[in-house]
Amino acid sequence: MKVFTTIAEMQREILTEKQKGKTIGFVPTMGFLHEGHIGLLKKARQENDILVLSIFVNPLQFGPSEDLDAYPRDFEKDRQIAIQEKTDYIFFPSVDEMYSTSPSVGVIAKERVNVLCGKSRPGHFDGVVTVLTKLFNIIQPTRVYFGLKDAQQVAVVDGLIKDFHFPVQLKAIETVRESDGLAKSSRNVNLTPEERRQAAELYRALELGRSLIKKGETDRLKLIQTIESHLKKTTESTVDYIELYTYPDLKPIEEIKGKVILALAVKFSKVRLIDNIIVDI
Ligand code: AMP
């Protein structure tokens, strides 16, 4: 396994692989790898000749009052995991390497961003599509792997790939969870032990929502209120949003039918957590 920190070296290596006709599986991450990331690596390993992992905590997708500085990092542990998962290359650039000049062109996400995390985190998805545009041009992947834990991100990236004609196939992978249902996340380490216990209620609340939908509940507001009261009863978190939209278009719905995403975001003392389920009825 090789680690590259410069764009020029990474691109040179990719060019050589492409000239040999190799397919390239790409897993973009912000590091501090856990089983969620490992699931993506395994899938990409199975489906491609070459596996590239990027580790880059992208400042552009963090708002001024968000947790950029507190975002956990452990490159040595990530490197070990990457070796275990038979990664061929890690791309691990510095912020200066990625954003060395002030940009003359920007990439802006226009659709699927005025709801959920896009609404709570203005500019977040512009940062995501900007860094991915750069990464796609550096890595030139055949297939790129994202987790449905960030289902809105999957929807936005789907738009990016289609609008800009990137010759890459988007693969969306199911959310990997702890045994109590909490979605694995690098941010979970910043929960206090009591918050960690309570955080399992996020998935329980979504499951409650799923069972109500399956039982025939069609009233969006009633469903949201039930979930909100469950979270208020069982956690000390503050609800950022609980919402229901069509998926992947993320259009508002009043009556629940078809493929919908039930998504929520809550704030604990130091961490904001998100989770979702997609229900097809
Ligand atoms: P991050 O490092 O948080 O930017 O995540 C990198 C990729 O891993 C994204 O595509 C995430 O959606 C995905 N991911 C993060 N957590 C999970 C999880 N629990 N299950 C599946 N994929 C995940």
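In strand 6, I find Lys171 as the bridge partner of Tyr145. This is a predicted model.

Strand 5 and strand 6 run parallel and share five bridges. On strand 2, I looked for a link to strand 5 and found two bridges, again in the parallel sense. There Gly25 stands opposite Arg143 of strand 5.

Next I checked how strand 5 (143–147) is covered. Five of its five residues are buried. I noted that side chains in a regular strand alternate between the two faces of the sheet. I then took the two sides in turn. Arg143, Tyr145 and Gly147 are buried on one side, and Val144 and Phe146 are buried on the other.

Then I turned to helix 2. Its 13 residues, 35–47, should span 18 Å at 1.5 Å a residue, and I get 18 Å between the end C-alpha atoms, so the two agree. I list Gly36, His37, Ile38, Leu40, Leu41 and Ala44 as buried in this helix. Among the elements that cover the buried residues of helix 2, I find strand 2 (24–29), strand 3 (50–55) and helix 3 (75–84). Strand 5 and strand 6 (169–173) are also part of that cover.

I moved on to the ligand. It has 17 residues around it, and Met30, His37, Asp150, Val176 and Lys184 come nearest.

- An N or O atom in the side chain of Asp150 is 2.5 Å from a ligand oxygen.
- For His37, buried in helix 2, a side-chain N or O atom is 2.9 Å from an oxygen of the ligand.
- Gly147, buried in strand 5, has a polar backbone atom 2.9 Å from a ligand oxygen.

Last, I went through the backbone exceptions. Most residues other than glycine have a negative phi, and most peptide bonds are trans. Which phi does Lys86 have? I read a positive value of about 60°. Lys86 lies in the loop between helix 3 and strand 4 (89–91). Its relative accessibility is 56%, so I count Lys86 as exposed.

Leu116 also has a positive phi, near 45°. I place Leu116 in helix 5 (residues 116–120). At 5% relative accessibility, Leu116 counts as buried.

The peptide bond from Tyr247 to Pro248 is cis, and I note omega near 10°. Pro248 is in the loop between strand 7 (238–246) and strand 8 (259–267).

Conventions. Residues are numbered from 1 along each chain as its sequence is written. This is a predicted model: local features need pLDDT of at least 70, side-chain atom pairs count only at pLDDT 80 or more; totals for chains, interfaces and linings use all residues. Side-chain values use heavy atoms; hydrogens and water are left out. Helices (H or I, at least four residues) and strands (E, at least two) are DSSP runs, numbered from the N terminus. The expected span of a helix is 1.5 Å times one less than its number of residues. Buried means under 20% relative accessible area, exposed over 50%, partly exposed in between (1.4 Å probe, protein chains only). Contact means heavy atoms within 4.5 Å. Two strands pair if DSSP finds at least two bridges between them. A residue is near a molecule or strand if one of its heavy atoms lies within 4 Å of it. A polar contact is a pair of N or O atoms within 3.5 Å; within protein, one must be able to donate a hydrogen and the other to accept it, and residues adjacent in sequence count only if both atoms are side-chain atoms.
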